[in-house]
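Welcome, and please load the model in your viewer. We will walk through it stop by stop, selecting a few residues each time.

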Amino acid sequence: MKAYKFKLYHSKRNHYLVEQIRIAAQIWNHSIALHKRYYRFYGKHLNVYKLKKHITKLKKLPKYKHWNQLGSQAVQDVVLRINKSYNLFFSNLKARKANKTKRVVSPPNFKKSRKYKSFTLTQAGYEFLGGNKVRIGLHTFKFFKSRNTQGNVKTVTIKRDRVGDMWLIVTTDIEDTQPQINPRNGNSIGFDFGLKTFLTGSNGCCFGSPLFFKRGLSKIRRANQQLSRKKRGRQNRLKARLHLARVHRKVANQRNDYHWKLANQITDKYDVICFETLNISAMQKLWGRKITDLGFYSFLQKVEYLAKKKGKIVRFIGKWFPSSKMCHVCGVLNKSLELRDRGWACDSCDTYHDRDLNAAINIHAVGTSTANGVTVRPIAMVG
Ligand SMILES: [Zn+2]
């Protein structure tokens with residue numbers, strides 16, 4: 001499966017799509033209410049087929065006649081989304097009872113129409129008319145065709161973002177992970193994540209956090225302040241909310257671009273790339289909530305995706321490995337290393353270390369040594 005995302009032209013006609021999203025939200029909320037009621041009466045989960053049947057019946061009543069505007073496939077999709085969400089909830093409940101996880105998944109719940117974002121069509125309800133035109137339901141829409149799609153179309157999703165722009169997301173059945181032929185060079189590297197320096201490589205290369213991150217963050221902060229000053233229910237508040245959404249989208253796009261470029265660069269250059277397993281909650285404790293803005297996790301997903309495509313290897317070392325505290329020369333642990341120490345000297349061998357570089361070298365050593373069946377263990381300091 002491969003997904004393509006296209007922006008739809010701004011048009012008055014788009015209100016048909018907005019209306020369809022609104023109907024999908026109504027059906028969602030109606031179904032959630034049914035689920036809850038059913039559970040109260042029977043103590044059981046309402047199954048998908050019963051719900052589908054019920055909604056088909058409702059659509060014939062005058063009160064719900066407008067639901068027919070939404071393609072029947074999109075209606076089914078709402079029902080399936082709810083079912084999937086409940087299944088996740090129940091399997092999580094089971095896992096928690098068996099003490100297998102601590103993560104809590106909440107059941108699907110009511111959604112405000114404004115926050116409901118999309119509907120999906122599978123086999124019917126749309127038609128590609130050639131060029132940049134697509135028919136959704138009874139109307140034709142134009143989109144910015146930035147690339148050609150490959151493979152057979154499996155689903156078409158219409159999505160509204162927070163700025164109010166409409167997007168067309170097309171998934172096709174083409175395999176996206178066919179490895180590209182890339183010359184193997186035998187290079188390997190370890191990377192340490194950081195707050196100021198985004199990535200520090202074990203060979204000494206650095207990738208900083210670009211300046212626009214910082215600028216973007218201050219813009220977001222300002223837009224947030226502006227929004228909080230506006231009174232509820234006023235037109236100006238709506239404007240401020242859209243402005244905030246627009247700034248958020250811009251920052252996210254810039255970050256995504258930067259991450260893709262960086263991920264492409266390192267997956268081109270190295271055959272084996274080692275990272276520390278992310279421990280987001282520990283990082284948050286150390287660095288504050290700022291780290292969510294840096295998007296380490298989504299960056300790693302991109303690296304893994306590209307590595308798979310290019311036939312490269314990404315390796316993660318355990319999150320409890322003391323990569324910062326261990327001297328990479330003699331293996332002795334520096335137990336008194338504090339977070340604010342950017343550099344330190346090893347008591348045992350007198351080597352002076354840059355904190356991040358030392359960590360990256362250790363990550364590299366562990367990541368590449370476990371490949372050959374040898375593990376590197378820190379040596380506890382004697383005496
Ligand atoms: Zn040492």
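**Stop one: a stacked pair in a helix**

Start with Phe90, which at 29% relative accessibility counts as partly exposed; here buried means under 20% relative accessible area, exposed over 50% and partly exposed in between, with a 1.4 Å probe and protein chains only. Before going further, note that this is a predicted model, in which local features need pLDDT of at least 70 and side-chain atom pairs count only at pLDDT 80 or more, while totals for chains, interfaces and linings use all residues. Residues are numbered from 1 along each chain as its sequence is written, and side-chain values use heavy atoms, with hydrogens and water left out.

Helices (H or I, at least four residues) and strands (E, at least two) are DSSP runs, numbered from the N terminus.

How are the rings of Tyr86 and Phe90 arranged? They form a stacked aromatic pair, 6.1 Å centre to centre with 20° between the planes. Rings of Phe, Tyr and Trp (its six-membered ring) pair if their centres lie within 6.5 Å; planes under 30 degrees apart count as stacked, over 60 as edge-to-face and the rest as tilted.

**Stop two: other aromatic rings**

The structure holds 22 aromatic pairs. One of them joins Tyr4 and Phe6, stacked at 6.5 Å centre to centre and 0° between the planes. Tyr4 and Phe6 are both buried.

Next, select Phe191, Phe193, Phe198, Phe207, Tyr258, Phe275, Phe296, Phe299 and Phe316 together: they make up one aromatic cluster.

Two lysines are worth a click as well. The charged end of Lys5 sits over the ring of Trp167, 4.7 Å from its centre, and the charged end of Lys302 sits over the ring of Trp260, 5.5 Å from its centre. A charge sits over a ring if NZ of Lys or CZ of Arg is within 6 Å of the ring centre and within 35 degrees of the ring normal.

**Stop three: the nonpolar cores**

Select Phe119, Ile136 and Leu168, the residues with the most contacts inside the largest nonpolar core, which has 41 residues. Such a core is a set of buried Ala, Val, Leu, Ile, Met, Phe, Trp, Tyr and Cys residues joined through side-chain atoms within 4.5 Å. Elements that give two or more residues to this core include β1 (2-7), α2 (48-58), β4 (133-136) and β7 (166-172). Which element gives the most to this core? That is α1, with ten residues.

Zoom in on Phe119. Not counting residues up to four places away in sequence, Phe119 touches residues including Leu17, Ile21, Ala24, Leu70, Ile136 and Val156, where contact means heavy atoms within 4.5 Å.

A second, separate core has 24 residues, among them Ile189, Phe191, Phe198 and Met283.

**Stop four: Trp67**

Move to Trp67, in the loop between α2 and α3. Is Trp67 buried or exposed? Trp67 counts as buried, at 1% relative accessibility. Leaving aside neighbours within four places in sequence, its contacts include Ile23, Ile27, His30, Ile55 and Leu58.

**Stop five: the zinc ion**

Now centre the view on the zinc ion. Which residues coordinate the zinc ion? They are Cys327, Cys330, Cys346 and Cys349, each through SG, at 2.3 Å. Donors are N, O and S atoms within 2.8 Å of the metal (3.2 Å for Na, K and Ca); water is not among the atoms, so sites may look incomplete.

Cys330 lies in the loop between β12 (313-317) and β13 (343-345) and Cys346 in the loop between β13 and β14 (352-354), so the pair ties together parts that are 16 residues apart in sequence. Cys330 is partly exposed at 24%, whereas Cys346 is buried at 2% relative accessibility. Along the chain, the donors follow the spacing C-x2-C-x15-C-x2-C.

**Last stop: two loop residues with positive phi**

Select Asp350, in the loop between β13 and β14. Asp350 has a positive phi of about 70° although it is not a glycine, and Asp350 is exposed, with a relative accessible area of 64%.

Finish at Asn99, in the loop between α3 and β2 (118-121). Asn99 also is not a glycine, yet has a positive phi of about 60°; with a relative accessible area of 70%, Asn99 is exposed.
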